[in-house]
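This report describes a metal site and a pocket in a protein model. The sequence and the structure are shown first.

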Amino acid sequence: MTKKVDDCLFCKIVAKEIPSNIVLEGDDFVAIRDINPQAPTHMLILPKNHYDNLAKAEDAEELGRLFMVAKQLAELDKLKGFRVVVNNGRESGQTVDHLHIHILGGRFLKWPPG
Ligand code: AMP
Ligand code: ZN
């Protein structure tokens, strides 16, 4: 059973109740293009299970699989270098309270991030 929360934007995207630009889908995730890209490639991996954020995630194997998807997506867009970001909590810039992994690439990425 997928953990779903009413009124969660990403749960609705996962359930295809809201359209999105899907890049890849698996048993426990949907990967989409970000609607407001911050780099030429900006994708999001959404676990089908709802966790508010990383601090609420429970399953190490599930998290591990999501990171393997990040690698797959970078290969798909032939990214040489790429950045994987998980914002956790308002102070970090998290705006959607459904755990998601950002994959950014296709331009030189400065460090440290803002
Ligand atoms: P965060 O700030 O880490 O919570 O990231 C949320 C991301 O979701 C932002 O980069 C938004 O641009 C993106 N986003 C918000 N709504 C949508 C949507 N309907 N489809 C795709 N991406 C979205
Ligand atoms: Zn959700």
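Which backbone oxygen does the side chain of His-100 reach? In this predicted model, the side chain of His-100 reaches the backbone oxygen of His-98, at 2.6 Å. His-100 lies in the loop between β4 and β5. His-100 counts as buried because its relative accessible area is 7%, under the 20% cut-off.

**Zinc site**

His-98 is also one of the residues that coordinate the zinc ion (ligand 2), through ND1. The arrangement is tetrahedral because the four donor atoms subtend angles of 106 to 115° around the zinc ion. Along the chain, the donors follow the spacing C-x2-C-x38-H-x47-H. Within this set, Cys-11 and His-50 link distant parts of the chain, being 39 residues apart. Cys-11 belongs to helix α1 (residues 9-14), whereas His-50 sits in the loop between β3 (41-47) and α2 (60-76). Both Cys-11 and His-50 are buried.

**Largest pocket**

The largest pocket has a volume of about 780 Å³. Its lining comprises 32 residues, with Asp-34, Gln-38, His-42, Asn-87 and His-102 nearest the centre. At least two lining residues come from each of α1, β2 (29-33), β3, β4 (82-85) and β5 (101-105). The table gives the lining by residue class.

| Class in the lining of the largest pocket | Number |
|---|---|
| Nonpolar | 15 residues |
| Polar | twelve residues |

Definitions and conventions:
Residues are numbered from 1 along each chain as its sequence is written. Chains are lettered from A and ligands numbered from 1 in the order in which they are written. This is a predicted model: local features need pLDDT of at least 70, side-chain atom pairs count only at pLDDT 80 or more; totals for chains, interfaces and linings use all residues. Side-chain values use heavy atoms; hydrogens and water are left out. Donors are N, O and S atoms within 2.8 Å of the metal (3.2 Å for Na, K and Ca); water is not among the atoms, so sites may look incomplete. Four donors count as tetrahedral if all angles lie between 85 and 135 degrees; four count as square planar and six as octahedral if opposite donors are over 155 degrees apart and all others between 65 and 115; anything else is irregular. Helices (H or I, at least four residues) and strands (E, at least two) are DSSP runs, numbered from the N terminus. Buried means under 20% relative accessible area, exposed over 50%, partly exposed in between (1.4 Å probe, protein chains only). On a 1 Å grid over the protein atoms alone, a cavity is a set of points where a 1.4 Å probe fits but cannot get out, and a pocket is an open set with protein on both sides within 12 Å along at least five of seven lines; lining residues have an atom within 4 Å of a point. Grid points are joined across faces, edges and corners, and a volume is the space filled by probe spheres set on the points. Ala, Val, Leu, Ile, Met, Phe, Trp, Tyr, Cys and Pro count as nonpolar, Asp, Glu, Lys and Arg as charged, and the others, Gly among them, as polar. A polar contact is a pair of N or O atoms within 3.5 Å; within protein, one must be able to donate a hydrogen and the other to accept it, and residues adjacent in sequence count only if both atoms are side-chain atoms.
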